[in-house]
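Let's take a walk through a protein model, looking at its salt bridges and one of its sheets. Keep the structure open while you read.

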Amino acid sequence: MTLPLYPPPPGIAGQTVGNTPVLWTDDGYWAKLEGFNFGGIKDRAALHMVEQARRRGQLRPGAPIVESTSGTLGLGLALAGVLHGHPVHVVTDPGLEPIVERMLVAHGARVHVVPEPSPHGGWQQARKDRVAELLADLDGAWCPDQYGNPDNPGAYTGLAAELSDQLDRIDVLVCAVGTGGHSAGIARALRATSSPALELVGVDSVNSTVFGLPAGERLMRGLGSSIHPANVDHAAFDEVHWVGPAEAVRSARRLAARQFATGGWSVGAVALVAGWLAR
């Protein structure tokens, strides 16, 4: 017997995504716990990009959504697909963590894994090429294009407002940088409202091209890039730190053991840099 799958009641996404808590760490900084969202911080961008595309008529009712992702945005798109009734196709590569792939499938997304990197642009370019093929094959399919869609940074105005309500003053904002969406969106909103003197610190992966280094093999997910995302607001950053995978893992394990706050590569990398800046 197959049980009917009902969509969530209207408004469930607004009730369960956002309004995440902040945690004061023993390293002397506030951490915004975006892991309290269904799939993490990118739930905000996924829902916003889908809702704006639907409003403008770019994404028709029931049409497929196709996007390249290392996992986190895919979970947000899977949520948006369930909420609004769209099949979701996630294009990724062999570096996707098995647990994330299982979660994507469990939430109804179809996962496409590219077999090898592109000679020009690595895994991310190979994924983008596969996205283009799927867009041509699937009738009415729409791609959010998280790397260049201005609705991506626009999704984080609400997060900035939450931070302003939760904290008296924000001197320094530390963000992992991949597509550039949340660093650009949060910093822009905070500087325009409650924190005009805000300093923005970017955390990138070694072998990432985001801030001008040559591309190389990268183990970490959730930060860094082999292409040049248009949403990265380079002029907005006051400084940038590059972190390696071993450093990020040690930092994430320390955060989990001391604060009971868990996260992956990017969380560990940001915690490492935030602790260093606080000291």
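## A pair within one helix

R130 and E133 form a salt bridge, with their closest N and O atoms 3.0 Å apart. (A salt bridge here is a side-chain nitrogen of Lys or Arg within 4 Å of a carboxyl oxygen of Asp or Glu.) The two residues sit three apart in helix α5 (residues 122–137), which means about one helical turn separates them. Helices are DSSP runs of H or I with at least four residues, strands are runs of E with at least two, and both are numbered from the N terminus.

How open are these two? R130 is partly exposed at 27% relative accessibility, and E133 is also partly exposed, at 44%.

## Where the numbers come from

This is a predicted model, so local features need pLDDT of at least 70 and side-chain atom pairs count only at pLDDT 80 or more, while totals for chains, interfaces and linings use all residues. Residues are numbered from 1 along each chain as its sequence is written, and side-chain values use heavy atoms, with hydrogens and water left out.

## Links across the chain

How many salt bridges does the structure hold? There are 12. One of them joins D27 to R254, with the closest N and O atoms 2.7 Å apart. This pair links distant parts of the chain: D27 is in the loop between β1 (22–24) and β2 (30–32), while R254 is in helix α9 (residues 245–259), 227 residues apart. D27 is buried at 18% relative accessible area, whereas R254 is partly exposed at 34%.

Then there's R221 with D93, whose closest N and O atoms are 3.1 Å apart. R221 lies in the loop between β7 (199–205) and β8 (239–243), and D93 in the loop between β4 and α4 (98–106), so this pair ties together parts that are 128 residues apart in sequence. Both R221 and D93 are buried.

## A three-stranded sheet

Now for the strands. An open sheet is built from three of them, in the order β3-β4-β5, with parallel pairing. (Two strands pair if DSSP finds at least two bridges between them.) β3 (65–68) and β5 (110–113) are at the edges with a single partner strand each, so one side of each has no neighbour in the sheet.

β3 and strand β4 (residues 88–92) run parallel and are joined by four bridges. Within that pairing, E67 stands opposite V90 in β4.

Note on methods
Buried means under 20% relative accessible area, exposed over 50%, partly exposed in between (1.4 Å probe, protein chains only).
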